[in-house]
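This report describes selected local features of a single protein chain. The sequence and coordinates are shown below.

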Amino acid sequence: MVQHAADPLVFLQMKPHTPRGPTITLSRGSSTLQMGSIPEVPTSALLPTMPRIGMGTAAFPFTSSEETTAALLRAIELGYRHFDTARIYATEGCVGAAVAEAVRRGLIASRADVFVTSKLWCSDAHAGRVVPAARETLRNLGMEYVDLFLVHWPASVMPGKYEFPFPKEEMAPSFDMEGVWRGMEECHRLGLARAIGVSNFSAEKLEQLLSLAAVRPAVNQVEMNPMWQQRKLREVCRREGVQLCGYSPLGAKGTPWGSPAVMDSDVLHQIAGSKGKTLAQICLRWMYEQGDVLLVKTYNEKRMKENLEIFEWELSEQEREKISQLPQQRGLPGLQFISDYGPYKCVEDLWDGDV
């Protein structure tokens, strides 16, 4: 499907700035690792705050579990303050339970100390269904608002079902971008979502949305890593002030929506070895230096910590140049959304040629 790598991370677009946010101190027995602060996106009218590293919660097959809730609670203990979920992931309840338990334990003062993103699934991407879907998401989370609410894909399927993959014959023949976005704007007006945005929108579709939006999208969350650098979309987002948020920073190898290209890259392995870092850290640092918000996905504590250890060093100009020369190819072509029944008959239609 979409979202987050099977084990790693994701980021956004703006030059690094003075870090703000919770100071992270990791303890193991008598040893303590001081890790600094997780920086946040510079404040804007569209996006008051957003931690630059978020914890993803998509694991296929999509399901909720006590293990997920426990892992998210541990992530809060380690300093994570940004959590990315979606109705289709079945993890909204896990995120809500972890945040509530963190408040109960005194790990955070209140729900306001975390940034929570959720997404509108395709079966609710119909005019008239957006606000009720947002209210259901809030019931699942046990929260009064989400910090960011995203249109998950520029596609609609038959209402009433939350499944992936879905029968292709259930795809709607068109996507009512304006009708859906008016519903998103109503969610914002009602205070159900502090900010609204999109996910998996091509540069062309984002520009189309910007032309009709009364409330502009604050974020576009997309696949991003050194093997798919989103150069065309990045240019549009910079120009229009839309924050880029990346999922699958390691390519999501081993998932139905992933590719082994990142983890198998000799260039990235060479850079990691020469710097004494993990390949994941090289990818995350590269995304961070682009100004992106990163979404990481791992419930392994060691990797949770490693994913936060990217702020006190940087890539050299030579290393950045090597990464810029990597061959580019989407790891997530979105084949599930290619159907004779829907608006996208080929991959080029879905991504408007940017493949």
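Where is the place of Pro-165? Pro-165 is in the loop between E6 and H4.

## Basis of the model

The model is predicted: local features need pLDDT of at least 70, side-chain atom pairs count only at pLDDT 80 or more, and totals for chains, interfaces and linings use all residues. Residues are numbered from 1 along each chain as its sequence is written, and side-chain values use heavy atoms, with hydrogens and water left out.

Helices (H or I, at least four residues) and strands (E, at least two) are DSSP runs, numbered from the N terminus. Buried means under 20% relative accessible area, exposed over 50%, and partly exposed in between, with a 1.4 Å probe and protein chains only.

## Backbone features in the loops

The peptide bond that joins Phe-164 and Pro-165 is cis, with omega of about 0°.

Asn-200 is in the loop between E7 and H5, and its relative accessible area of 0% makes it buried. Gln-230 is found in the loop between strand E8 (219-223) and helix H6 (231-240); at 4% relative accessibility, Gln-230 is buried as well.

## Helix H4

Helix H4 (residues 177-189) has 13 residues, which at 1.5 Å a residue should span 18 Å; the expected span is 1.5 Å times one less than the number of residues. The C-alpha atoms at the ends of H4 are 18 Å apart, so the model agrees with this expectation. Just after H4, Gly-191 takes a positive phi of about 85°.

The buried residues in H4 are Met-177, Gly-179, Val-180, Trp-181, Gly-183, Met-184, Glu-185 and Cys-187. They pack against strands E5 (115-120), E6 (146-151) and E7 (193-199), and against helices H3 (130-141) and H5 (203-212), where contact means heavy atoms within 4.5 Å.

Glu-92 belongs to helix H2 (residues 92-105). Glu-92 is buried but has no salt bridge, that is, a side-chain nitrogen of Lys or Arg within 4 Å of a carboxyl oxygen of Asp or Glu. The nearest side chain of opposite charge is that of Arg-87, 4.7 Å away; Lys and Arg count as positive and Asp and Glu as negative, while His and the chain ends are not counted.

The side chain of Glu-92 does reach the backbone nitrogen of Arg-87, at 3.4 Å. Leaving aside residues up to four places away in sequence, Glu-92 touches Thr-85, Ala-86, Arg-87, Ser-118, Thr-137, Asn-140 and Leu-141.

## Cysteines and the H1 region

The structure holds 0 disulfides, a disulfide being a pair of cysteine sulfur atoms within 2.5 Å. Cys-94 is buried at 4% relative accessibility, whereas Cys-346 is partly exposed at 27%.

Thr-69 lies in helix H1. The C-alpha atoms of Thr-69 and Cys-94 are separated by 4.8 Å, although these residues are 25 apart along the chain. Beyond residues up to four places away in sequence, Thr-69 touches Cys-94, Ala-97 and Ala-98.

Ala-58 lies in the loop between strand E3 (53-56) and helix H1 (66-78). Ala-58 is buried, with a relative accessible area of 2%. Between the C-alpha atoms of Ala-58 and Asp-84, 26 residues apart along the chain, the separation is 8.5 Å.

Methods
Polar contact = N/O pair within 3.5 Å; in protein donor to acceptor, adjacent residues only side chain to side chain.
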